[in-house]
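Hello,

Here is the structure I promised to pass on. My notes follow below it.

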Amino acid sequence: MSSSEALARLAGERVDHRFKGLPPDAEGLTVGELAAQRRNLFTDGFPTPVLTLSAERLEHNLALMETYIARHGLAFAPHGKTSMAPQLFHRQIEHGAWGITLAVPHQVRVARAFGIRRVFLANELVDAAALRWIAGELAADPGFQLVAYVDSVRGVELMDAALRGAARPVDVVVELGAGEGARTGVRTEAEALAVAEAVAGTQTLRLVGVAGYEGEVPRADQERVRSYLRRLVAVAVALDEARRLKDAEEIVVSAGGSAWFDAVAEVFAEIPALSRPVLKLLRSGAYVSHDDGHYRRITPFNRVPEEGTLEPAFRLWAQVVSRPTPEQAFANAGKRDAAHDLDLPTAQVVRRRDAERPADGITVTGLSDQHAWLRTDPGADLEVGDWIGLGLSHPCTSFDKWQLIPVTEADGTVVDYIRTFF
């Protein structure tokens, strides 16, 4: 099935009880039919709570990162675990992405079901069943390319055992850990060379480069992050000098979360000429929706404002259902609906009938499973029945609470629905 056919299949899915926040009278319509109605979020039957994505801000963020990547001579494989939304994967590729980064085999299966041709698996993979499935995908589709992490001789042995007899070798990169106490990855150049030597002793794996995640650098700041990234480049140079990358068509050097991609661009610009062309692969993912909390605070665009500004695209709409005291109110969205692992939601706007105004004097102080606790300052104008628009922090745990997310234009017109697969 082609990617266009797979995406069209999403539009043919029936709207029913599986999808929260959608109009009850849309039951039985296909998603495509509902989108074609261009209903208004506020007047055409959408119940609360309902999570929305801004059509204009999504497009702005996609275009901004496309420009940034081109300006800095990078390739881009945005991390798909942020959204797990094939529609967004394809929009990212249309905006210049080389492929999609993923973290676990299930996510790769989702991407392949929707025709993604290049996958960067930013994780070690030693599960035999998953490796055999990947070998089958590589055998069935000559255009499919997958690159996975490896960080131990034992991992190489397990991969090799599972892949014996595979039609094509699996491309791997040595992962360099970000320091003591950091996550996965080899800790030294000597360990990287040992892993590379183990890969060279197999017929099932092909070493194509190095990778790491600078977001794990302990006590990260600009200097520590740059130092780690230069170590990563040095390992690539060492592997190339040792002729461990001689079978690669291009040498992959990859890093890049959403907090330090400016440092990645700076250090990757210093990569010297190697024996093969170098694919400088950035993997930032949160940009697609951005947010109103954690990533708004840490985005590199705060340090380089001349390069542009990401815009938060999420808004969670809830309704005030209780106003027990002048200092307190409750809205009908809670932990089941809103990301809360990094920051609580923030009250942004209040909507009463057709009028929308800033949520002055209103603070979210806590979440229950299905309620937002609101503190209201003296004089705060809030009534039972009002809609309240909440900004969210952390895209990854916002997307994963909603299976079908309306995409709205600035006037509230719903123009599309984004399907997620977590």
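**Arg154 and helix 7**

Arg154 lies in helix 7, which covers residues 153-163. Bear in mind that this is a predicted model. Is Arg154 buried or exposed? Its relative accessibility is 52%, and the cut-off for exposed is over 50%. Arg154 therefore counts as exposed. I also looked at Arg154 together with Val195. In sequence, 41 residues separate Arg154 from Val195. In space, their C-alpha atoms are 8.9 Å apart.

**Helix 3**

Helix 3 runs over residues 55-71, 17 residues in total. From first C-alpha to last, helix 3 reaches 25 Å. That is close to the 24 Å expected at 1.5 Å a residue. Which residues of helix 3 are buried? They are Ala55, Leu58, Asn61, Leu62, Leu64, Met65, Tyr68 and Ile69.

**Cavities**

I searched the whole structure for cavities. Four cavities of 30 Å³ or more turned up. The largest cavity has a volume of about 40 Å³.

Best wishes

Note on methods. Residues are numbered from 1 along each chain as its sequence is written. This is a predicted model: local features need pLDDT of at least 70, side-chain atom pairs count only at pLDDT 80 or more; totals for chains, interfaces and linings use all residues. Side-chain values use heavy atoms; hydrogens and water are left out. Helices (H or I, at least four residues) and strands (E, at least two) are DSSP runs, numbered from the N terminus. The expected span of a helix is 1.5 Å times one less than its number of residues. Buried means under 20% relative accessible area, exposed over 50%, partly exposed in between (1.4 Å probe, protein chains only). On a 1 Å grid over the protein atoms alone, a cavity is a set of points where a 1.4 Å probe fits but cannot get out, and a pocket is an open set with protein on both sides within 12 Å along at least five of seven lines; lining residues have an atom within 4 Å of a point. Grid points are joined across faces, edges and corners, and a volume is the space filled by probe spheres set on the points.
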